[in-house]
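Take a look at the chain below. Then read on for a short tour of its helices.

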Amino acid sequence: MSTVNPTPSKLIVTDRGQPYEMVAEDRDAILHAIAHYDDSRAASIDALKIVQRRHGWVPDGAISVIGKLLNIPGSDVEGVATFYNRIYRQPVGRHVIAVCDSISCFLMGSDQIYGQLQTKLSIKPGQTTKDGRFTLLPICCLGACDRGPVLMVNDNTHFNISVESLDQLLEQYK
Ligand code: FES
């Protein structure tokens with residue numbers, strides 16, 4: 001079992017001009033996750049998911065707070081956050097559409113799907129619609145290459161997507 005620094009009831013950092021106060025519930029959940037590993041570092045992704053569940057993304061200040069809880073440099077936490085493409089380091093819409101742009105889906109027309117989504121939503125990749133409903137991102141192979149084109153909306157994977165099916169798919173996400 002790993003040890004962590006003693007934690008006050010509130011953890012506040014002001015680095016990068018982004019004060020961040022972690023709620024006790026999240027701090028406790030992160031400490032609980034740390035307790036499951038021999039090396040607290042292994043709880044990095046759990047901690048990032050806990051913070052993202054709270055805000056929909058991971059604010060800058062939370063990176064340092066997580067680092068203090070895990071007793072590792074914030075830069076290491078940042079490294080994990082940027083490695084995982086489902087951890088968002090800036091605000092996203094209520095629903096994140098991630099279109100697979102790897103080779104099998106590309107051969108099945110994912111670029112048309114991607115282009116059509118950009119047109120329908122009036123956004124470019126990486127952007128969020130004005131109403132905050134959708135963010136559009138690319139994503140690497142989702143492991144369902146035989147059922148492409150594939151995209152994810154939040155945690156839901158959709159297979160065999162066609163341009164014609166997009167309206168019905170988007171309607172599911174208000
Ligand atoms: S290439 Fe798209 S799921 Fe594998």
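## The model

This is a predicted model: local features need pLDDT of at least 70, side-chain atom pairs count only at pLDDT 80 or more, and totals for chains, interfaces and linings use all residues. Residues are numbered from 1 along each chain as its sequence is written.

## The whole chain

The chain has seven helices and six strands. Both are DSSP runs, numbered from the N terminus: helices are H or I with at least four residues, strands are E with at least two. Along the sequence the pattern is β-β-α-α-α-α-β-α-α-β-β-β-α.

Of the 174 residues, 28% count as buried. Buried means that 20 or more other C-beta atoms lie within 10 Å of the residue's own; exposed means 12 or fewer, and partly exposed is in between, with C-beta atoms placed from the backbone.

## Helix α4

Helix α4 covers residues 74–83, and its buried residues are G74, V77 and A81. They cover an arc of only 60° around the axis, which puts them on the same side of α4. The arc is that of the directions from the helix axis to the C-beta atoms. On the other side, S75, G79, T82 and F83 are exposed. The cover over the buried residues includes α2 (44–55) and α3 (60–70).

## Helix α6

In α6, the buried residues are S110, I113, Y114, L117 and L121. They fall within an arc of 100° seen down the axis, so they line one face of the helix. An α-helix has 3.6 residues a turn, so residues three or four places apart point the same way. After α6 comes S122, with a positive phi near 55°.

Methods: Two residues are in contact if their C-beta atoms, placed from the backbone, lie within 7 Å.
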